[in-house]
Amino acid sequence: MNAPDSTWIRIGLSWHSNGQSVLSGPLLRLAKRLDELFLRLASKWQAEEFHFPTFVCASKLNQVDYFRAFPHLATFPVSLEQTPENIDEFVKGKVMDESGALLLTRTDPIKEILTPAACYPLYIHHQRSHFAAPGYFTVRNTCFRREMQYRPLVRQWAFNMREIVCMGTQDEVSNFLHTAQEQVTQLLGALKIPYQWQIATDPFFRPTQNPNYIMQRVSPVKQEAVYRDDVALGSVNLHRDHFGAEFALLRDGKPMNSGCVAFGLERWLYALIMEHGLNPEHWPDLDSLISNPSGHSK
Amino acid sequence: MKSPEEIETSLRMWVQRKAPGLQTEVQPTTPLLASGIIKSLHLAELIMMLEMWRGEPIDVQSLIPGDFQDIETIMRRFFSTQPRESQ
C-alpha cells in the first residue's frame, strides 16, 4: 500500500506523505483495543506504567552513543533564537520559500531530540537508582525516525510504540524475554497473523563500521516477529548491561541488565487489516482477548 | 606468515590482556563474548588482527552468530583449511 484507497479512508486512515498517518473511526478504536491488549500483557509482570514527554535530552542519549549509531534516524526540535531582534528578522522576512521550507533566522542550540524509541526515557528517568528487586515498566510514546521512504502504517516518520521493559539480573531479564516472546507468539496465533521470529540487528548508520553492529551479528540480542517476510511487528531485545552501566541502574552495587519487548502499533494494525480485511465486522474480537489474553478470538 | 599454533598463542595472549582481572588462564573454549571478556569496543581491533594474520579481509556481513564465541571457534572459522560447514 503506497497511499490508502477509499476503503482504507472509510475505516479511518488518512495519510500524510511526510510519513504520518491520521487514525479515526473503526481503525482508531482498533488501535486503542490493541494497546489495551499490550497493557494486559504488561500486567502479567505488574509493570508500572509511565507516560513521558516527546523530547529527550540529547546529552543523555549521547551517553549511549546514539548519535554516532543512528544519526540518520534522528529528528530534532528547532526553535528560533529567543531574542526579539532575531524573531523580528524572521517575521519581516519571507518566512517560507516556494518549496514549503521555512526560512529560519538564527536558531537556538539544539539540545533535545524527538523520542526515537519509547523505552529510552525510562533508563534516563531511573538513572542513579538502586533496585532491590527486578523492575518491570511499560511505556507508550509517539516515536520519530527519519527514513528515506515512508509507507502508510508500515514505515512512518512518526509512529506509536508500546514497550514492556525489565531491569534486573541477567537471569531475571532472560526469563522475562523468554516469557515475553512466548506471550507474543501466543497473541499472534490468537489473532491469526502469520509471522516468523527472525534474528535481527538494529538499523545502524554505516553498520559494518560500527562495532556494536558487529557485536549484534556475532552475538545476537534482537529477535523480530516478522509478518509475511516483510514487516517487523515487534521485537524482543536484550540490552545486557548497556543502559545499566551508562545510567547507573544498580542492583547490589552492580549495573543491571535490561531487556524489552516492543510493539509497533501501526504495523499491528496493518497486519490485522491485511489478514482480516477492511470490514470491521470481520476483525478479531480484541475485547475477549483483553479479558482472556491466552484465549482465542472469534 | 604465522603458523596456526603461533596465531592461537598470540590470540590467547591478546584475550588475556583484555581481561586483566581474570583469575584463570584463558583456554581455547573460554567463552569470550558471553563472559564479557571481549566487548564491542574490542571487535574492530580483533578483526584487524585476524585479517593481518590470515592475509585477507573479513567481510563483516558474512559474520554469523557464534563466530567469536571462543578461541577454538575463531581458529576453526578463520584459519581452518577445511571448508566451512553450511549454516
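**Figure 1. Helices H1 and H3 of chain B pack at an angle of about 135°.** In this predicted model, helix H1 covers residues 4-18 of chain B and helix H3 covers residues 71-79 of chain B, and their axes lie 11 Å apart. The two helices are therefore oblique to each other. H1(B) passes H3(B) in a right-handed crossing. On the H1(B) side, the residues that meet the other helix are Pro4(B), Ile7(B), Glu8(B), Leu11(B), Arg12(B) and Val15(B). Their counterparts in H3(B) are Ile71(B), Ile74(B), Met75(B) and Phe79(B). Sorted by class, the contact of H1(B) with H3(B) holds eight nonpolar and two charged residues, and no polar residues.

**Figure 2. Chain A and chain B meet, with helix H8 of chain A contributing to the contact.** Ten residues of chain A are in contact with twelve residues of chain B.

**Figure 3. Helix H8 of chain A packs against helix H2 of chain B.** The angle between H8(A) and H2(B) (residues 40-54) is about 90°, and their axes are 8 Å apart. This angle makes the two helices roughly perpendicular. H8(A) takes part through Pro211(A), Asn212(A), Ile214(A) and Met215(A), while H2(B) takes part through Ser40(B), Leu41(B), Leu43(B) and Ala44(B). By class, six residues of this contact are nonpolar, two are polar and none is charged.

**Figure 4. An open sheet of seven strands in chain A has mixed pairing.** Strands of a sheet pair through backbone hydrogen bonds, either parallel or antiparallel. The order of the strands in this sheet is E3-E7-E8-E14-E11-E10-E9. E3 and strand E9 (195-199) of chain A stand at the edges with a single partner strand each, so one side of each has no neighbour in the sheet. From one strand to the next, the twist averages 20°. Within the sheet, strand E7 (residues 135-144) and strand E8 (residues 158-168) of chain A form an antiparallel pair over ten bridges. One of the residues in this pairing is Phe144(A), whose bridge partner in E8(A) is Ala158(A).

**Figure 5. Helices H2 and H7 of chain A lie across strands of chain A.** Helix H2 of chain A lies across E7, E8 and strand E14 (257-264), and runs at about 5° to E8(A). Helix H7 (residues 170-190) of chain A lies across E8, E9, E10, E11 and E14. The direction of H7(A) is at about 15° to E14(A).

**Figure 6. An open sheet of three strands in chain A has the order E6-E12-E13.** The pairing in this sheet is mixed. Strand E6 (129-131) and strand E13 (254-255) of chain A are the edge strands, and each pairs on one side only. Strand E12 (residues 249-251) of chain A pairs with E13(A) in the antiparallel sense over two bridges. Leu250(A) has Pro255(A) in E13(A) as its bridge partner.

**Figure 7. Strands E1 and E2 of chain A form a hairpin.** Strand E1 (residues 13-16) of chain A runs antiparallel to E2(A), and four bridges join the two. Among the residues that pair, Trp15(A) has Ser21(A) in E2(A) as its bridge partner. Three residues lie between the strands of the hairpin, and Gly19(A) takes a positive phi near 85°. Strand E2 (residues 20-23) of chain A has a covered face, formed by Ser21(A) and Leu23(A), and an uncovered face, formed by Gln20(A) and Val22(A).

**Figure 8. Gln46(A) has a positive phi although this residue is not glycine.** The phi of Gln46(A) is near 50°. Gln46(A) lies in the loop between helix H2 (25-42) and strand E3 (48-50) of chain A. Gln46(A) has 8 C-beta neighbours inside 10 Å and therefore counts as exposed.

**Figure 9. Arg228(A), also not a glycine, has a positive phi of about 45°.** The loop that holds Arg228(A) lies between strand E10 (222-227) and strand E11 (231-240) of chain A. Arg228(A) counts as exposed because it has 12 C-beta neighbours inside 10 Å.

**Figure 10. Leu104(A) lies in a loop of chain A between helix H5 (84-92) and strand E5 (112-114).** Leu104(A) counts as partly exposed because it has 16 C-beta neighbours inside 10 Å. Apart from neighbours within four places in sequence, Leu104(A) is in contact with Leu80(A) and Phe90(A).

How values were computed: Residues numbered from 1 in each chain as written. Chains lettered and ligands numbered in written order. Predicted model: local features only at pLDDT ≥ 70, side-chain atom pairs only at ≥ 80, totals over all residues. Axes fitted to C-alpha atoms, helices over the stretch in contact; angles between N-to-C directions. Parallel < 35°, antiparallel > 145°, perpendicular 65-115°, else oblique. Left-handed = near helix turned anticlockwise from the far one by under 90°. Contact = placed C-beta atoms within 7 Å. Nonpolar A, V, L, I, M, F, W, Y, C, P; charged D, E, K, R; others polar. Pairing = 2+ DSSP bridges. Buried ≥ 20, exposed ≤ 12 C-beta atoms within 10 Å, placed from the backbone.
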